[in-house]
Amino acid sequence: MNKILQVKLRFSNEKNNQRPNVRNLRAYAETTVEKIQNITDDLRTILRFYKNSPKLLENILVDVNYNDIIAKSNRIQELLKPPGKKTNDMVVGARFSDASEGQENHIITYYVDKGTIENTIEDLKKVKTFLNEKLKGKATSNNFNEPKNKLKYDGYGLSKSKLRNIIVDCSAVDSCSVPHISNVPEKESFLVTFYKTELSVARLLEKLKVDDVKYRYYFYGDDTISVNKELYDFLEMNVPYLISMVSSDLSQITLADIKEKDKEEKIDIPDPTNEPTIGVIDTLLDENVYFSKWVENIDYLDDIEKISVGDKARSHGTAVSSLIVDGPRLNPWLDDGCGRFKVRHFGVCEERISTVRLVRKIKEIISNNSDIHVWNLSLGTDDEVSRNFISYDAAILDELQAKKNIIFVISGTNDSRSEKRGILKVGSPADSLNSIVVNSVRRDGTPASYARKGNILSFFNKPDVSYYGGDYNERIKVYTPNGEMDEYGTSFAAPWISRKLCYLIDVVGLPREVAKALIIDSAAGWDYKLGAYKNKDVLGYGVIPINISKILSSESREIKFIVYGTSQSYKTANYAIPVPRDDENKYPYIARATMCYFPECSRTQGVDYTNRELSLKFGRVKPDGQIDDINENIQDEDGLYADERQSRKEFRKWENTKFISKVLKANRSIKSYGERLWGISVVSKERLTSKMDKELNFGAVITLYEVNGINRIEDFVKACTLRGWIVSEIDVQNQIDIYNTNQEEIVFD
């Protein structure tokens with residue numbers, strides 16, 4: 001076995017020197033006078049609707065229904081463009097059409113003034129005249145695109161660029177309409193989020209003359225409110241076009257039927273010393289259990305919640321913490337080699353809690369416990385997550401992780417239905433993108449009977465990974481107020497991953513980005529790209545190895561190394577990774593790479609949730625200086641084009657975990673490009689018009705598999721050292737010694 005290497009690469013920062021080309025029609029796209037007339041009629045209908053509706057807003061909300069999944073650069077640029085602004089600045093929401101998965105298109109909501117819509121209608125008239133006179137009523141890529149076609153644009157009252165842009169805009173649009181909400185869950189309590197306008201929720205309710213005695217509601221921010229069914233029906237009847245998102249306002253614990261065992265004699269456990277601490281946010285903890293010295297317990301309840309606390313309220317949380325503290329003793333076959341962990345346990349509820357209240361508590365807890373890096377959260381909802389927006393609680397978790405040096409491990413939620421028809425989507429907050437979401441498998445690695453599935457927003461790969469959480473007839477052991485029990489559920493798979501992450505971050509000393517990448521890479525291995533995992537929407541990237549040593553080592557024929565960097569420009573790259581060659585001056589490898597980062601996100605942007613994209617390329621450096629990417633990623637290359645649907649599906653665009661791999665087809669070497677070496681590049685793109693000035697850290701795990709079985713790791717280390725790079729082995733025992741030394745208290749005489 002080889003140890004994993006940590007290589008401190010020197011990255012260059014490159015600006016984006018590409019200049020936007022003239023906008024042309026995409027292949028097979030067209031704009032006809034009929035299309036322009038239909039869009040014109042749609043906009044007139046929208047104006048009539050708002051004219052006949054109560055005057056609540058200063059401006060007008062418009063849905064633009066696109067005919068594809070659309071890239072930011074291909075969104076409308078002249079249609080609905082206010083003077084002195086960009087149309088993209090007016091976006092207040094994005095969702096998918098109701099078509100089946102794989103066929104959905106973008107619906108993007110804009111908030112523009114009446115005058116802009118009227119100006120757009122007048123501009124469309126002029127473009128319609130141009131099409132009739134110059135292109136016989138239809139613009140296509142054959143008769144319109146430059147430089148092949150030279151058209152005269154004078155005499156139509158519009159500049160050439162504006163006229164062309166409107167034609168290209170219209171080719172991407174199916175129709176325009178007034179926003180409407182759909183697929184509302186059948187619940188008695190709702191979280192309702194409104195489109196972001198100048199009108200706050202409080203002012204909206206005031207204008208609607210909502211009786212605060214008759215209806216019960218709670219504000220959360222300027223655009224979100226918790227309401228009962230009666231008030232929701234009132235809002236849906238009177239202002240459906242203002243409602244952006246609706247979700248359940250309830251997080252709860254779903255308990256499986258517990259199999260009790262005879263009360264055991266007292267169990268001995270040593271006192272804690274300097275072990276790292278994992279944060280647990282769950283139901284309450286019983287302080288009378290044998291491992292209580294290992295747990296700092298805080299009953300984080302409001303005064304009104306403390307009144308009705310019963311014994312059952314302490315079962316689930318106690319069981320979760322028992323696995324974090326002493327899981328390997330309870331389940332010897334799951335001994336992960338990580339030892340024991342201390343727990344800071346925050347009991348936030350019995351079995352049910354409103355989402356708004358849970359979020360408030362989580363924000364307070366994280367703010368006051370900055371020394372903890374790994375947090376275990378096994379609360380969730382029965383309701384399936386929406387295909388069009390991230391749940392409210394998941395968005396808060398993503399925000400916290402984007403701003404603070406923490407990571408949440410979240411259970412993938414259970415399917416507790418007595419009769420199962422199909423597989424349910426996961427419940428919130430298992431749609432949190434920055435978190436690691438864990439599903440449950442049986443001992444043979446197959447999905448548990450109660451497992452639920454992703455993907456999130458029809459695209460993002462959730463859950464992330466799977467682990468052993470037991471099943472009805474194959475349970476794992478936990479400890480509760482009633483002693484040792486046999487249980488099953490995703491709640492009891494997640495703590496094992498919290499243990500591994502805490503070990504990697506707090507003991508081994510790895511950044512969270514690298515730790516997350518190592519976890520996902522260990523689950524995926526070489527089999528993920530080969531399709532060995534048939535249930536990717538249930539298993540995620542796969543099942544994580546039990547022992548931590550499997551994550552922190554590689555086969556003797558592999559070179560595995562980690563890199564850590566910061567994206568602070570358009571491209572962050574290194575083109576001189578000295579991968580060893582064979583005797584024929586070829587590269588006898590296949591390769592894979594896993595990269596993770598924690599981007600800021602915008603829930604109000606709906607399906608376009610992540611604000612920043614880091615695109616990963618790794619491979620040999622070609623004579624022209626470009627990287628011959630192992631995933632054949634053609635994004636960001638001159639002369640090559642990948643549409644948004646392809647980029648998301650094949651290259652995981654906007655996904656905050658990148659996994660790329662070269663499938664092994666035969667034991668053969670690949671050629672080298674002369675003296676060129678290997679390279680890695682990370683390209684940054686912004687979703688929103690406003691630029692983000694913040695740096696964004698990323699961590700990557702790279703594995704080179706020698707097809708002939710030869711161990712070339714020493715050659716790699718030597719070559720890196722000769723370049724002046726710092727290369728170190730991740731020696732677990734050495735890291736433990738360093739950790740222990742750092743935890744010692746120094747007493748001065």
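Start with strand E6, residues 91-96: this strand is mostly covered, with six of its six residues buried. Keep in mind throughout that the model is predicted.

E6 and E7 run antiparallel and are joined by five bridges.

**Stop two: H1 and H2**

Select helix H1 (residues 33-51) together with helix H2 (residues 114-134). Their axes lie 10 Å apart, and the packing angle is about 165°. Angles over 145 degrees count as roughly antiparallel, and H1 and H2 are therefore roughly antiparallel to each other. The crossing of H1 past H2 is left-handed.

Show the side chains at this contact. From H1, display Val33, Ile36, Gln37, Ile39, Thr40, Leu43, Arg44 and Leu47. Their partners in H2 include Lys114, Ile117, Ile121, Leu124, Lys128 and Leu131. Colour the contact of H1 with H2 by class: 10 residues are nonpolar, four polar and five charged.

**Stop three: the seven-stranded sheet**

Next, bring up the open sheet of seven strands. Its order is E17-E18-E16-E20-E21-E22-E23, and the pairing is parallel. The edges are E17 (295-299) and E23 (465-468), each of which pairs on one side only. Look along the sheet: from one strand to the next the twist averages 25°.

Zoom in on E16 (residues 277-283) and E20 (residues 374-377). These two strands run parallel, joined by three bridges. Pick Ile281 and you will find Leu377 of E20 opposite.

Which strands does helix H9 touch? Select residues 355-367 to see: H9 packs on the sheet against E16, E18 (342-349), E20 and E21 (407-411). The direction of H9 makes about 150° with that of E18.

**Stop four: H9 and H10**

The axes of H9 and H10 come within 9 Å and cross at roughly 15°. Angles under 35 degrees count as roughly parallel, so H9 and H10 are roughly parallel to each other. H9 passes H10 in a right-handed crossing.

Display Thr355, Val359, Ile362, Lys363 and Ile366 in H9. Facing them in H10 are Tyr392, Asp393, Ile396, Leu397 and Leu400. The contact of H9 with H10 has seven nonpolar residues, one polar and two charged.

**Stop five: H11 and H12**

Move on to helix H11 (residues 494-507) and helix H12 (residues 512-524). Here the axes are 9 Å apart, with a packing angle of about 135°. That makes H11 oblique to H12. The crossing of H11 past H12 is right-handed.

Which residues meet at this contact? From H11 come Ile497, Lys500, Leu501, Leu504 and Ile505. From H12 come Arg512, Ala515, Lys516, Leu518 and Ile519. By class, the contact of H11 with H12 holds seven nonpolar and three charged residues, with no polar ones.

H12 lies across E21, E22 (436-441) and E23, running at about 75° to E23.

Focus on E29 (residues 589-597) and E32. Five bridges join these strands, which run antiparallel. Select Met595; Lys658 in E32 stands opposite.

Conventions. Residues are numbered from 1 along each chain as its sequence is written. This is a predicted model: local features need pLDDT of at least 70, side-chain atom pairs count only at pLDDT 80 or more; totals for chains, interfaces and linings use all residues. Side-chain values use heavy atoms; hydrogens and water are left out. Axes are lines fitted to C-alpha atoms, for helices over the stretch in contact, and angles run from 0 to 180 degrees between N-to-C directions. Helices (H or I, at least four residues) and strands (E, at least two) are DSSP runs, numbered from the N terminus. Angles under 35 degrees count as roughly parallel, over 145 as roughly antiparallel, 65 to 115 as roughly perpendicular and the rest as oblique. A crossing is left-handed if the near helix is turned anticlockwise from the far one by less than a right angle, and right-handed if clockwise. Contact means heavy atoms within 4.5 Å. Ala, Val, Leu, Ile, Met, Phe, Trp, Tyr, Cys and Pro count as nonpolar, Asp, Glu, Lys and Arg as charged, and the others, Gly among them, as polar. Two strands pair if DSSP finds at least two bridges between them. Buried means under 20% relative accessible area, exposed over 50%, partly exposed in between (1.4 Å probe, protein chains only).
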